[in-house]
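I am opening a notebook on a structure that is new to me. My plan is to look up its parts one by one and to write down what I find.

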Amino acid sequence: MDKQNDQSRMDKIVSLAKRRGFIFQSSEIYGGLNGFWDYGPLGVALKRNLKDCWWQDMVSGHDELATPAGAPEPYEMAGLDCTIIMHPQVWKVSGHFDLFHDWLVDCRESKKRYRYDHLHGRFASHRNKRVFVVTDQSGDEALPHTVARAQKFFGLRAKQIDEIEWEGGIEPLAAGIAAGTISTSEALAPDAAELGTLTDPREFNLMFETRIGALAGGDDDRAFLRPETAQGIFMNFKNVLDTSRVSVPFGIAQIGKSFRNEITPRNFTFRSREFEQMEIEFFCKPADSSAWYRYWRDRRWKWYLDLGLTAGKLQLREHHADELSHYSVGTADIEYAFPFLAEGEFGELEGIAHRGDFDLRSHSEGKLVRQDGQLVVEQGADGKPRHRGSGKDLSYFDDVTRERYVPHVIEPSAGADRAVLAFLCDAYHEDEVPDEDGKPRSRTVLKLHPRLAPLKVAILPLVKKDGMPELAAELYRKLKPHMAAMYDEKGSVGRRYARQDEAGTPWCITVDGQSLADRTVTLRDRDTLVQSRVALDAVGDLLRDRLRSGGS
Ligand code: GAP
């Protein structure tokens with residue numbers, strides 16, 4: 001499929017998400033708020049199912065007695081739910097206060113703001129005038145955007161486009177400026193008519209700030225909305241250790257909201273300003289940490305496949321040494337080929353990072369920096385720690401080996417909203433099915449894994465009379481306590497199937513004339529379209545078995 005079609009596919013997914021109540025723009029009746037999204041009735045069920053799958057597969061359903069495939073030994077898992085606002089020192093010591101920023105540039109003419117690393121461009125000349133045409137578009141849209149911008153700047157008609165002379169391909173603006181091959185005075189900003197309207201880049205911290213208390217005003221009242229859930233886990237490492245009888249190796253898991261004041265939120269929910277994360281901090285013995293890193297990387301990769309993401313659209317990417325954070329020994333990203341990206345590009349769903357002892361040591365000793373290959377406490381101008389740690393001992397004493405050490409941490413960190421978006425994109429299909437008269441009818445279907453599907457089953461009386469609604473309602477009430485079931489008697493049965501296909505409901509049950517005679521019903525499978533006759537009293541057990549076994 002070419003990218004043009006992929007973009008139109010993305011547009012259809014966004015439109016389906018709105019039309020069927022999966023995802024709405026936040027505060028839409030006031031014109032919306034960029035980077036904030038609400039989940040409607042079907043969307044909230046899909047997202048809740050996704051988070052429940054994660055929690056069940058990683059935490060509540062974890063067998064602490066067995067050694068899972070690929071793991072060095074059995075391990076324990078504990079859950080946590082901590083606050084969004086934490087002590088401001090958390091963010092100073094974690095490095096977010098000093099380092100969690102993007103570079104931005106403003107356009108003095110259009111008043112628009114851009115992420116510096118999102119600006120690319122190329123040199124264009126026409127009649128001795130040479131400009132660097134800047135675009136904020138990505139992928140396949142960048143090149144045509146520069147052509148349109150240059151055409152407008154040079155005042156050319158469409159048939160004169162060939163008169164423009166281009167030098168080289170698209171290159172990052174920042175790299176050209178750093179190398180001295182581009183000057184801002186010759187740059188044509190993406191939304192400007194004049195040259196040289198971009199400001200110098202400046203840092204912009206992505207943390208949302210707030211104030212604590214009614215008499216807020218001073219610097220001491222300043223607080224931040226968490227940009228990741230992970231730090232709350234480090235804050236409670238000792239609490240969990242002291243209260244829940246876990247021993248190393250063990251993991252603490254948390255699902256919750258995170259906030260980042262992204263400069264350019266974009267691509268539907270992919271880059272939002274408020275989003276949910278599903279994070280695990282896994283604490284292990286330093287000597288075993290590489291084996292645990294590989295275990296979690298492979299385990300998390302398999303999770304997406306088991307829930308049905310197409311293998312060919314997923315990519316596991318190990319970071320190169322120069323991409324790693326200063327404390328990281330290894331990081332891998334699980335990435336998905338979202339339809340809004342250019343051919344061959346992937347967007348991050350989850351990062352699995354080997355963080356060494358950076359976090360626990362930092363929160364104990366003070367913010368760490370790497371010097372001569374060692375992590376040392378960063379000093380301020382006064383020779384004291386730049387950001388003081390808690391001073392609490394966050395080491396672990398192993399009763400069996402009588403060793404004391406600071407555990408190393410493996411962090412699988414996933415985004416719930418990005419995962420929902422990937423599953424929606426992957427599930428979206430258009431095909432043809434025979435209608436009631438056997439004629440082919442095009443349909444839109446979400447082939448969601450039954451565990452993720454917002455509704456598991458719809459119960460449809462064939463007609464609204466002759467006792468069919470009553471029998472269908474009886475079945476609905478039987479199934480409802482066990483699974484998300486819906487009763488629908490409105491419209492032709494074909495239209496009702498179509499509605500359920502769009503919602504991703506894996507099964508429809510039709511109650512018809514024969515059902516009244518022999519208490520059998522028709523069970524329709526969303527993906528295979530196979531319709532089978534089953535006993536009404538057995539259908540609940542049958543669907544429960546299918547849900548347990550993943551749908552087949
Ligand atoms: N504690 C590590 C951490 O937060 P990250 O790579 O910055 O790492 C982890 O974020 C995951 O959170 C990402 O892989 C992504 O799925 C999700 N995420 C991050 N920023 C996001 C945003 N602005 N909108 C939606 N999801 C986001």
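I began with an open sheet of four strands, whose order is 8-6-7-9 with mixed pairing. At its edges I found strand 8 (165-172) and strand 9 (187-188), each with a single partner strand, so one side of each is left without a neighbour in the sheet. For my own use I note that strands are DSSP runs of E with at least two residues, that helices are runs of H or I with at least four, and that both are numbered from the N terminus; two strands pair if DSSP finds at least two bridges between them. I then followed strand 7 (residues 129-135), which pairs with strand 9 in the parallel sense over two bridges, and I saw that valine 133 stands opposite leucine 188 in strand 9.

Before going on, I record that this is a predicted model, in which local features need pLDDT of at least 70 and side-chain atom pairs count only at pLDDT 80 or more, while totals for chains, interfaces and linings use all residues. Residues are numbered from 1 along each chain as its sequence is written, and side-chain values use heavy atoms, with hydrogens and water left out.

Next I looked up the ligand, which is surrounded by 17 residues, the closest being Glu228, Glu262, Ser272, Glu279 and Glu348 (a residue counts if one of its heavy atoms lies within 4 Å). For polar contacts I took pairs of N or O atoms within 3.5 Å. A ligand nitrogen atom is 2.6 Å from an N or O atom in the side chain of glutamate 228, and a ligand oxygen atom is 2.8 Å from one in the side chain of arginine 260. I also noted an oxygen atom of the ligand at 3.1 Å from an N or O atom in the side chain of glutamine 277. Of the 560 Å² of accessible area that the ligand has on its own, the protein covers 88% (Shrake-Rupley method, 1.4 Å probe). Strand 14 (274-284), strand 17 (347-356) and strand 22 (408-415) are the elements that give two or more residues to the shell around the ligand.

Most residues other than glycine have a negative phi, and most peptide bonds are trans. The peptide bond from valine 248 to proline 249 is cis, with omega near 5°, and I placed proline 249 in the loop between helix 8 (237-243) and strand 13 (250-259). Arginine 519 has a positive phi, near 50°, and lies in the loop between helix 14 (513-518) and strand 28 (520-525).

Conventions. A polar contact is a pair of N or O atoms within 3.5 Å; within protein, one must be able to donate a hydrogen and the other to accept it, and residues adjacent in sequence count only if both atoms are side-chain atoms.
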